[in-house]
Amino acid sequence: MLELIERLRGRWRARRADEAGAVLLTVVVVMLVGFLIAATIATSVMYTAQSNVTNKSSTQGFIAAESGRDVAVASLSGAIGPKDIDCSLVSMNDDSDANGNGVSDASEAPHWRYQIWSSDSFARPEPSSTSGDWAMSCPTTATKWVWIESTGWEADGAADTTTDSIYPWFHGPATQPAGTLAFFEGAFKATKSTYQGDLVIRDVGDYECNNGASGSIDGDLWVLNGGLVITDDCTITGNIYTRGPIVIKNHKLTVGLDVMSLSGEIQLTAGSVKIGGDVYAAGNITTKNGSGTVDGSFRTTGTMVDHDAAAWKRTDGSSVPALTGQTAPTVAPTLDQVFEATNWIELTSTTTWSSATQPTVSYSGQCTSSALKTVLGSAGDRAIVDMSGCPSAGGINVDPGDVSLARDVVIFVPATATMDLNLSGTIKKASAATDPQLFIVHADSNGADGQPTCGTGSDKLTASATNTVRIMIYSACGITKTMSLTLSGQLYMGNDGLHLNGGTFNCEPMSWKPTLSGLSCGVRGSGGIFDPTNTVTRLEKLAYQTER
C-alpha cells in the first residue's frame with residue numbers, strides 16, 4: 001500500500017514538473033509577443049514623430065515660399081503706375097537673409113528667396129529656366145506672363161520647398177471694345193443702314209459693304225481676317241483697313257480717309273470713287289475703267305495695273321501721284337493687336353454682377369411685361385432680373401413694353417433657352433433718372449472658350465420703336481432675322497450675327513462695374529480701345545502654381 005502511494009506521489013511530482021515547464025514556456029512566449037508589440041509601437045511612434053518633423057518642415061517651407069512669392073507680387077504691384085511699370089522700383093530677386101549671404105538666422109523667419117521671370121509668349125509656358133520662353137527681366141509692354149520662382153525653408157539645414165507661380169501680365173487699353181463689330185462668329189450687315197462707331201469685323205472672310213445711298217459707317221472699318229467687297233453703294237466716313245484684297249466694282253465707294261490693304265491688292269474698277277486720303281496696297285493696284293477723286297496718293301508695293309492717270313484727280317483738280325515699289329503698308333495698332341483687344345466677353349450663369357461698392361438688387365419670377373416694367377420703372381439700386389425660371393417653350397419672352405427707365409437694369413436670360421426679345425415699346429429715361437442703362441443678356445453656354453457659344457437656336461428680336469436710353473443687347477447665339485433697328489448703346493452678337501436693313505445704330509459707351517467696365521465705340525483716339533492716353537498695366541490673378 002505504501003509502495004502504491006509512493007508511486008502515485010512520484011507521478012504527481014513529474015506531472016507538476018511538466019506543467020511548470022509549460023507555464024514557463026507560455027510566459028516566455030507571452031513576453032516575446034509583448035516585446036514585439038512594444039517594439040512595433042515604439043517604431044511606429046518614432047516614425048510618426050519623424051514624419052511629423054518632416055511634414056512640419058515641409059509645411060513651413062511651403063509657407064515660407066509663399067511668403068517670398070507674396071513679397072515679389074507686392075514689389076511688382078507697387079511699381080505699377082497709372083500707365084506702366086517703373087522697373088527701378090522692382091526687386092527682381094530677393095532673399096529674406098538680411099546679410100545677403102544665403103544664411104538666415106532665427107530672427108529672419110520665414111526664410112525665402114525668389115526670382116522674377118517674364119515671358120512674351122501668348123500661350124502660358126511651363127516654368128523652366130532653360131526653355132527659352134522665360135527671361136529674368138522686368139515686365140515690359142510686350143510681356144504676357146510673369147513667373148515667380150520662390151524657395152522657402154523652416155531653418156538652416158532644413159529641407160526647402162519651391163513654388164512656381166505664374167500670373168498673366170496685362171498692358172493695354174483700359175476700355176473694352178464695342179459690339180457686333182468685334183467677334184469671332186457671325187456676319188454683320190448694314191443694308192441701307194447707318195452704323196455710328198468703328199466697325200471691327202473679326203470673322204474669317206470678306207466683309208460686304210452695302211449700306212446704300214442712304215446709309216453709312218460713321219467711323220473706321222477694320223476687316224481683320226478678310227478683304228472688302230461692295231454689293232451696293234458703300235459709304236465709310238473714316239478709314240478702311242483690311243487684311244485681304246479690296247475689290248470695288250459696279251458700285252460707288254465713298255471713303256473719308258485712307259483705304260489700305262495690308263496683305264492684298266486693291267481693285268478700283270468702278271466710277272465715281274471718292275477717297276479722302278491714300279490708296280495703299282501690299283500688292284498691285286488695278287484701276288481699269290475706274291475713275292474718281294483721291295485726295296492722297298496711290299501707293300503700292302507692286303505696280304499700277306491698267307491705270308489711266310487722267311481718270312483720277314484730287315479735289316483741287318491736280319493729278320494723283322502713283323507711287324510704285326513702296327514698302328509694305330502698316331497701321332498702328334496692327335490688325336493682330338486689334339483682334340486680341342476685341343475678345344468676346346463671356347457672360348454666363350456664374351457672372352458676378354454686384355460688389356461691395358456697387359450693390360445690386362436681384363429679382364426672379366418677373367416673367368411678364370408688367371412685372372418687368374415695374375422693376376425698370378422703380379428707382380433705387382441697380383437691379384438684375386433673372387428670367388431663368390420663366391416659361392421657355394418657344395423662347396423666354398422679354399418684353400418691357402413702354403417704360404420710363406429709372407435705374408440701371410440687367411435682364412438675364414439663361415443659356416438653356418432661346419430669347420424672344422420684343423423692343424416694340426418705347427423705352428425712355430425717367431424724369432428723375434440721370435442716365436440709366438438697360439442690359440439685355442442672353443448668356444453664353446461656355447464661359448471658358450473665349451468665344452460666343454450658343455446652347456440653343458438663334459434668338460428673335462422685334463424692334464419698331466425708337467428708344468432714347470442706352471441699351472446693350474448681348475446674344476451668344478445671334479439673330480438671323482433681317483430688321484430695321486434704331487438703337488443707341490452696344491450690340492454683342494455671336495454665331496448668326498445680325499443683319500440690319502434700315503434704321504440707325506449709334507454705338508455709345510456703356511459700363512456695369514465690376515462686370516463690364518468701359519465698353520467703348522472706337523479703336524483709336526480719345527476714348528477708344530487703343531487710346532494712348534488711356535492704357536493700363538496690371539498683374540492679373542494667379543493662373544498656375546505648383547510646388548517641388
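User: What makes the rings of Trp-344 and Tyr-492 a tilted pair?

Analyst: Two values decide it. Their centres lie 6.2 Å apart, and rings pair if their centres lie within 6.5 Å. Their planes are at 55 degrees, while stacked needs under 30 degrees and edge-to-face over 60, with the rest called tilted. So tilted is the label for Trp-344 and Tyr-492.

User: What does that pair tie together?

Analyst: Trp-344 sits in the loop between α2 (335-341) and β26 (360-364), while Tyr-492 is in strand β37, so the pair links parts that are 148 residues apart in sequence.

User: How many aromatic pairs turn up in the whole structure?

Analyst: A search finds ten. Take Trp-117 and Trp-147 as another example: their ring centres are 5.1 Å apart and their planes at 20 degrees. Planes under 30 degrees apart count as stacked, so this pair gets that name.

User: Why are Trp-117 and Trp-147 called buried?

Analyst: The cut-off for buried is under 20% relative accessible area. Trp-117 comes in at 10% and Trp-147 at 1%, so both pass.

User: Why does Pro-173 count as buried?

Analyst: Pro-173 has 14% relative accessibility, which is under 20%, so the word applies. Pro-173 is in strand β4 (residues 160-173).

User: What is Pro-173 in contact with, leaving aside neighbours within four places in sequence?

Analyst: The list is Ala-341, Ile-529, Phe-530, Asn-534, Thr-535 and Val-536. Ile-529 is 356 residues away from Pro-173 in sequence, yet the C-alpha atoms of the two are 5.1 Å apart.

User: What makes Leu-376 buried?

Analyst: Its relative accessible area is 0%, and anything under 20% qualifies, so Leu-376 is buried. Leu-376 is in helix α3 (residues 369-376). Beyond neighbours within four places, its contacts include Pro-400, Val-403, Leu-405, Ile-411 and Leu-438. From Leu-376 to Pro-400 the C-alpha distance is 8.0 Å, across 24 residues of sequence.

User: What makes strand β35 mostly covered?

Analyst: Six of the six residues in β35 (residues 470-475) are buried. Side chains in a regular strand alternate between the two faces of the sheet. In β35, Arg-470, Met-472 and Tyr-474 are buried on one side, and Ile-471, Ile-473 and Ser-475 are buried on the other.

User: How do you know that β35 pairs with β33 and β37?

Analyst: Pairing takes at least two bridges between two strands. Strand β33 (residues 437-442) and β35 have six bridges and run parallel, so they pass. β35 and strand β37 (residues 487-493) also have six bridges in the parallel sense, so that pairing holds too. Gln-437 stands opposite Arg-470 in β35, and Arg-470 in turn stands opposite Ser-488 in β37.

User: What makes β28 and β34 edge strands?

Analyst: They belong to an open sheet of three strands in the order β28-β31-β34, with parallel pairing. β28 (396-398) and β34 (460-462) each pair on one side only, which is what puts them at the edges. From one strand to the next, the twist averages 15 degrees. Strand β31 (residues 419-422) is joined to β34 by three bridges, with Thr-462 in β34 as the partner of Asn-422.

User: How many helices and strands does the chain have?

Analyst: Three helices and 43 strands. Of its 548 residues, 44% are buried.

User: How confident is the predictor, and which stretches score below 50?

Analyst: The mean pLDDT is 84, and 83% of the residues score at least 70. Residues 99-104 fall below 50, with eleven contacts in the model beyond near neighbours in sequence. Residues 178-186 are below 50 as well, with 49 such contacts. Low pLDDT means the predicted coordinates should not be read in detail.

How values were computed. Residues are numbered from 1 along each chain as its sequence is written. This is a predicted model: local features need pLDDT of at least 70, side-chain atom pairs count only at pLDDT 80 or more; totals for chains, interfaces and linings use all residues. Side-chain values use heavy atoms; hydrogens and water are left out. Helices (H or I, at least four residues) and strands (E, at least two) are DSSP runs, numbered from the N terminus. Buried means under 20% relative accessible area, exposed over 50%, partly exposed in between (1.4 Å probe, protein chains only). pLDDT is the predictor's confidence in each residue, from 0 to 100. Contact means heavy atoms within 4.5 Å. Axes are lines fitted to C-alpha atoms, for helices over the stretch in contact, and angles run from 0 to 180 degrees between N-to-C directions. Rings of Phe, Tyr and Trp (its six-membered ring) pair if their centres lie within 6.5 Å; planes under 30 degrees apart count as stacked, over 60 as edge-to-face and the rest as tilted.
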